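Have the sequence and the picture handy as you read.

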Amino acid sequence: MKIFIDTANVEEITRYANMGFIDGVTTNPALMATEQRTAIDVIKEIVGIVDGPISVEVVSTDAARMVAEARHLASLHENIVVKLPAIPAGFEALNVVIQQGIKVNFTMIYTANQALLAAKLGATYVSPFVGRLDVTSTGGAELIEEIVTIYDHYGFETQVLAASMRNSIYVKFAALAGAHAATIPPAVLKAMIESEMSQISLDGFLEQWETLPEASKASLFDGVEE
Ligand code: E4P
């Protein structure tokens with residue numbers, strides 16, 4: 001499963017990219033606003049950090065203007081994937097921009113039927129909002145399973161990008177359901193890496209190691225270079 005990082009914070013993106021985990025980045029207008037920086041500078045920095053799909057969202061709600069914004073965003077860098085919202089105007093815009101060769105992440109998906117239609121139009125990715133669905137209803141994890149199953153039935157090439165991953169359990173659900181990718185905020189990536197038991201186990205091993213005489217310990221690491 002591809003791992004995308006769900007933030008516009010370049011320090012966090014750099015940190016996790018340096019750990020080797022990151023295949024792509026997703027932003028949205030709210031994440032961009034969180035940074036309180038000039039938006040174009042942020043996007044230029046991100047494409048320089050991660051060589052993979054970088055999702056950037058349109059901000060208009062009118063189909064013609066969405067198409068214009070999508071064209072502009074796609075022209076900024078070859079790795080930009082344009083996020084279009086799953087509203088009627090978004091479907092209209094999707095149908096136009098896909099035929100112009102623009103890669104689209106069709107976002108804010110809450111039903112399997114929205115995902116079916118987006119795939120039919122040729123969206124590159126669909127983003128089911130798992131965490132947000134569970135806030136008002138249930139079935140976030142099931143939604144991913146449903147979409148993966150439908151895409152498998154018909155051989156759609158659209159990839160399922162599990163989004164709104166508000167805790168690490170959702171990432172496991174996405175992986176078990178066979179999502180092609182998940183986009184994960186830095187705090188959830190941190191939670192995926194850490195286990196209190198790993199730290200406790202290590203502390204125990206090192207405590208026992210200290211009971212060895214100094215000379216016996218040193219012999220194992222003689223010649224180690226920084
Ligand atoms: C990513 O594409 C989405 O914009 C993001 O995952 C939404 O996450 P949230 O529901 O936690 O804001």
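Before we start naming helices, here is what the word covers: helices are DSSP runs of at least four residues, strands are runs of at least two, and both are numbered from the N terminus. With that in hand, you can find Gln114 in helix α6, which covers residues 112-121. One more thing to keep in mind is that this is a predicted model.

## The whole protein

Let's zoom out for a moment. The protein has 12 helices and 8 strands. Its C-alpha trace spans about 75 × 40 × 30 Å along the principal axes. The protein has 226 residues, and 44% of them count as buried.

## Around the ligand

Now for the ligand. Where does the ligand sit? You'll find the ligand in the largest pocket. The residues around the ligand are Asp6, Thr26, Asn28, Lys83, Phe129, Arg132, Ala163, Ser164, Arg166 and Thr183. Sorted by class, this shell has 2 nonpolar, 4 polar and 4 charged residues.

How much of the ligand does the protein bury? On its own, the ligand exposes 340 Å², and the protein buries 87% of that.

## A closer look at Ser164

Ser164 from the table deserves a visit of its own. Ser164 lies in the loop between strand β7 (159-162) and helix α9 (168-177). Is Ser164 buried or exposed? Since buried means under 20% relative accessible area, Ser164 counts as buried because its value is 10%.

The backbone of Ser164 has something to show as well: its phi is near 55°, which is a positive value in a residue other than glycine. Arg132 is itself among the residues surrounding the ligand.

Gln114 counts as buried because its relative accessibility is 18%. What does the side chain of Gln114 reach? It reaches the backbone nitrogen of Tyr110, at 2.7 Å.

Met108 belongs to strand β5, which runs over residues 104-109. Met108 has a positive phi of about 65°, although it is not a glycine. Met108 has a relative accessible area of 29%, so it is partly exposed.

## Apart in sequence, and in space

Start with Val47, in helix α3 (residues 39-49). Val47 has a relative accessibility of 16%, so it counts as buried. Val47 and Gly24 are 23 residues apart in sequence, and their C-alpha atoms are 9.4 Å apart.

Next up is Ala70, which lies in helix α4. Ala70 is buried, with a relative accessible area of 0%. Between Ala70 and Ala93 there are again 23 residues along the chain, with 8.7 Å separating their C-alpha atoms.

Ser60 is in the loop between strand β3 (54-57) and helix α4 (63-76). Ser60 counts as buried because its relative accessibility is 14%. Ser60 and Ala89 are 29 residues apart in sequence and 9.7 Å apart in space, going from C-alpha to C-alpha.

Finally, take Ser195, in the loop between helix α10 (186-193) and helix α11 (196-209). Ser195 is partly exposed, with a relative accessible area of 35%. How many residues apart in sequence are Ser195 and Val56? They are 139 residues apart in sequence, and their C-alpha atoms are 33 Å apart in space.

Conventions. Residues are numbered from 1 along each chain as its sequence is written. This is a predicted model: local features need pLDDT of at least 70, side-chain atom pairs count only at pLDDT 80 or more; totals for chains, interfaces and linings use all residues. Side-chain values use heavy atoms; hydrogens and water are left out. A residue is near a molecule or strand if one of its heavy atoms lies within 4 Å of it. Accessible areas come from the Shrake-Rupley method with a 1.4 Å probe; for residues, only the protein chains shown count as cover. On a 1 Å grid over the protein atoms alone, a cavity is a set of points where a 1.4 Å probe fits but cannot get out, and a pocket is an open set with protein on both sides within 12 Å along at least five of seven lines; lining residues have an atom within 4 Å of a point. A molecule sits in a cavity or pocket if more than half of its atoms lie within 2 Å of its grid points. Ala, Val, Leu, Ile, Met, Phe, Trp, Tyr, Cys and Pro count as nonpolar, Asp, Glu, Lys and Arg as charged, and the others, Gly among them, as polar. Buried means under 20% relative accessible area, exposed over 50%, partly exposed in between (1.4 Å probe, protein chains only). A polar contact is a pair of N or O atoms within 3.5 Å; within protein, one must be able to donate a hydrogen and the other to accept it, and residues adjacent in sequence count only if both atoms are side-chain atoms.
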